[in-house]
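I opened this entry to log what I looked up in one structure.

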Amino acid sequence: QVQLEESGGGLVQAGGSLRLFCAASRRTYAMGWFRQVPGKEREFVAASSWSGSNLYYADSVKGRFSISRDNVKNTMYLQMNSLKPEDTAVYYCAAGPRGGQSERTYDYWGQGTQVTVSS
């Protein structure tokens, strides 16, 4: 079992930046970030293989968001720059042996952290 805890969310103006953190209770394999807006399905944001050598991004965040991880600290990060109001959502951290862009391939999920971007 792996516990995941997100932090770093908050309120920011459009064009600003935030850095999200995901702390895992133990070593994990692939990890990813997803986000969800009320009334909509959860959507993929970014993912990283265990080594960090394979990174994946949703088209909507490419060039603005950057995923990274520190396997010594069992922590994953999401640096979000040039934020837009449409990035407003609850952001979830996920971990699992396979990873990828589908939430079905992740076994463990955090509780989420709210990101709100004002226009």
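**Salt bridges**

I searched the whole structure and found 5 salt bridges; a salt bridge here is a side-chain nitrogen of Lys or Arg within 4 Å of a carboxyl oxygen of Asp or Glu. The model is predicted, so I noted the limits: local features need pLDDT of at least 70, side-chain atom pairs count only at pLDDT 80 or more, and totals for chains, interfaces and linings use all residues. Residues are numbered from 1 along each chain as its sequence is written, and side-chain values use heavy atoms, with hydrogens and water left out.

I began with R35 and D87. Their closest N and O atoms are 3.0 Å apart, and the two form a salt bridge. R35 lies in strand β4 and D87 in the loop between β8 and β9 (89-96), so this pair ties together parts 52 residues apart in sequence. Strands are DSSP runs of E, at least two residues long, numbered from the N terminus. I found both R35 and D87 buried; buried means under 20% relative accessible area, exposed over 50%, and partly exposed in between, with a 1.4 Å probe and protein chains only.

R35, E43, R64 and D87 are joined in a network of salt bridges.

Next I took R42 and E103. They form a salt bridge, with closest N and O atoms 3.1 Å apart. This pair also links distant parts of the chain: R42 is in the loop between β4 and β5 (43-48), E103 in the loop between β9 and β10 (108-109), 61 residues apart. R42 counts as partly exposed at 24% relative accessibility. E103 is partly exposed too, at 29%.

K62 and D59 form another salt bridge, closest N and O atoms 3.2 Å apart. I checked their accessibility: both are exposed.

**Around R35**

I went back to R35. Its strand, β4, covers residues 30-36. The relative accessibility of R35 is 6%, so R35 counts as buried.

Which side chains make polar contacts with the side chain of R35? I found S60 at 3.5 Å and Y91 at 2.9 Å. A polar contact is a pair of N or O atoms within 3.5 Å; within protein, one must be able to donate a hydrogen and the other to accept it, and residues adjacent in sequence count only if both atoms are side-chain atoms.

I also listed contacts, meaning heavy atoms within 4.5 Å. Leaving aside neighbours within four places in sequence, R35 touches residues including E41, V45, V61, F65, E86, A89 and V90.

**The disulfide**

I searched the whole structure again and found 1 disulfide, defined as a pair of cysteine sulfur atoms within 2.5 Å. It joins C22 to C93, with S to S at 1.8 Å. The link of C22 and C93 is left-handed, at -65° about the S-S bond. C22 lies in strand β3 (residues 18-24) and C93 in strand β9, so the pair ties together parts 71 residues apart in sequence. I found C22 buried, and C93 as well.

I traced an open sheet of 4 strands in the order β1-β3-β8-β7, with antiparallel pairing. Two strands pair if DSSP finds at least two bridges between them. β1 (4-7) and β7 (65-70) stand at the edges with a single partner strand each, so one side of each has no neighbour in the sheet. β7 and β8 (residues 75-80) pair in the antiparallel sense over 6 bridges.
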